[in-house]
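Hi everyone, thanks for making time.

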Amino acid sequence: MNVIILAAGKGMRLRPETTNVPKGMVKLFDKSLLEMQIDIFKKCEINDISIVSGYLANQITIPSVNYYKNENYSSTSGIESLFCAKEKLQDNTIITYSDLVFEKSIIDSVIGFRGDIGITVDLNWEKNYVGRDLHPKSEAENVLLDKDGNIQKLRKNISECEENEKIGEFSGIVKLSKKASKIFIDKYLELKESHKGKFHNAPSLENAIISDMLQELIDSGITVEPILISGQWCEIDTPQDLERARKLFV
């Protein structure tokens with residue numbers, strides 16, 4: 001099993017913290033966000049870790065990891081960054097973002113997932129947006145689960161559902177089996193050849209994020225399953241998020 005951490009973005013909303021370092025190198029306590037993630041993966045005995053850098057790439061100098069660079073980080077987004085490391089999509093792979101902080105129990109749940117495509121989903125997510133006015137609830141990457149617990153939709157700001165459905169939040173971690181990694185690559189290459197214009201919630205395929213690609217797979221009849229989580233986690237998008245994380249992860 002290996003891990004790909006996407007760390008190419010500029011992190012503009014986290015400034016001034018990201019003026020001189022990429023978001024993943026912002027420190028929460030005595031360690032950067034990237035170092036905290038890597039420590040957890042190594043505790044889970046995952047040592048094949050890759051970082052896809054972009055903005056201020058030379059500031060990421062963590063030893064014993066593989067490095068890839070999205071040279072077009074200023075004009076592309078998460079999917080393009082992921083496929084800079086496509087050679088690592090050959091086995092069971094965990095994909096995450098550099099601006100996440102999470103407990104080890106969440107990664108234990110991800111490792112324990114035995115399906116082909118799984119994404120972490122928090123059903124008790126709304127509490128995370130209390131007092132979070134710089135990153136409001138309307139910006140949450142929501143997941144709509146049907147009565148059987150299957151994922152039907154994945155996009156920002158899903159606010160309504162039927163009585164027997166549930167709305168959760170995608171917390172930004174994906175697990176792919178070896179089979180699913182090939183499906184992911186094949187779908188991406190197909191889209192690169194044929195797709196034009198808007199792509200789900202992104203203005204183009206080049207500007208698409210992971211949730212856009214996951215929704216494409218769902219629309220193609222491919223099953224994406226929830227990995228329900230209950231541990232602490234945070235997305236660090238604004239200075240307010242950073243302060244919140246410092247209170248949660250003491």
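Let's start with one side chain. Glu71 has a relative accessibility of 57%, so this residue counts as exposed. Its partner is Lys69, and the two form a salt bridge in which the closest N and O atoms are 3.8 Å apart. Lys69 is partly exposed, at a relative accessible area of 39%. Please keep in mind that this is a predicted model.

How many salt bridges does the structure hold? The count is 16. As a reminder, side chains of opposite charge can pair when their charged atoms come close.

Now for a pair that reaches across the sequence. Glu80 and Lys192 meet through their side chains in a salt bridge, at 3.5 Å from N to O. Glu80 sits in helix 2 and Lys192 in helix 4, residues 178–194, so this pair ties together parts that are 112 residues apart in sequence. Glu80 is buried, with a relative accessible area of 13%, whereas Lys192 is partly exposed at 37%.

Another one to look for on your screens is Lys88 with Asp48, a salt bridge whose closest N and O atoms are 3.0 Å apart. What does this pair tie together? Lys88 lies in the loop between helix 2 (78–82) and strand 4 (93–97), and Asp48 belongs to strand 2 (residues 48–53), so the bridge connects parts that are 40 residues apart in sequence. Is Lys88 buried or exposed? Lys88 is buried, at a relative accessible area of 16%, while Asp48 is partly exposed at 30%.

Before we leave the charges, there is also a network. Salt bridges link Arg13, Lys23, Asp99, Glu139 and Asp237. Remember Asp99, please; that name comes back in a minute.

On to strand 6. This strand covers residues 117–122 and is mostly covered, with 6 of its 6 residues buried. Here is a bit of background: in a regular strand the side chains alternate between the two faces of the sheet. In strand 6, Ile117, Ile119 and Val121 point one way, and Gly118, Thr120 and Asp122 point the other way. Residues on both sides are buried.

Which strands does strand 6 join up with? One is strand 9 (residues 166–176), which runs antiparallel to strand 6 and is joined to it by 5 bridges. Another is strand 10 (residues 225–228), which runs parallel to strand 6, with 4 bridges between them.

Now the empty spaces. Rolling a probe the size of a water molecule over the atoms shows where empty space is left.

The largest pocket holds about 1,100 Å³ of space. Its lining has 43 residues, and those nearest its centre are Ser77, Tyr97, Asp99, Ile209 and Glu235. Strand 1 (2–7), helix 2, strand 9, helix 5 (210–219) and strand 11 (233–235) each supply at least two lining residues. Which element gives the most? That is strand 9, with 4 residues. By class, the lining divides into 15 nonpolar, 17 polar and 11 charged residues.

The second largest pocket has a volume of about 160 Å³. Helix 1 (33–43) and strand 5 (100–102) each supply at least two residues of its lining, and helix 1 has the largest share, 6 residues. Among the residues lining this second pocket are Leu33, Met36, Phe102 and Phe249. The classes here are 7 nonpolar, 1 polar and 4 charged.

Finally, a search of the whole structure finds 1 cavity of 30 Å³ or more. The volume of the largest cavity is about 40 Å³. What lines this cavity? The residues are Asn128, Tyr129, Arg132, Glu169, Trp233, Cys234, Glu235 and Arg244. Strand 11 supplies the largest share of that lining, 3 residues, and by class the lining has 3 nonpolar, 1 polar and 4 charged residues.

Methods: Residues numbered from 1 in each chain as written. Predicted model: local features only at pLDDT ≥ 70, side-chain atom pairs only at ≥ 80, totals over all residues. Heavy atoms only, no water. Salt bridge = Lys/Arg side-chain N within 4 Å of Asp/Glu carboxyl O. Buried < 20%, exposed > 50% of the residue type's maximum accessible area, 1.4 Å probe, protein only. Pairing = 2+ DSSP bridges. 1 Å grid on protein atoms, 1.4 Å probe; cavity = no way out; pocket = protein on both sides within 12 Å on 5 of 7 lines; lining within 4 Å. Points joined across faces, edges and corners; volume = space filled by probe spheres on them. Nonpolar A, V, L, I, M, F, W, Y, C, P; charged D, E, K, R; others polar.
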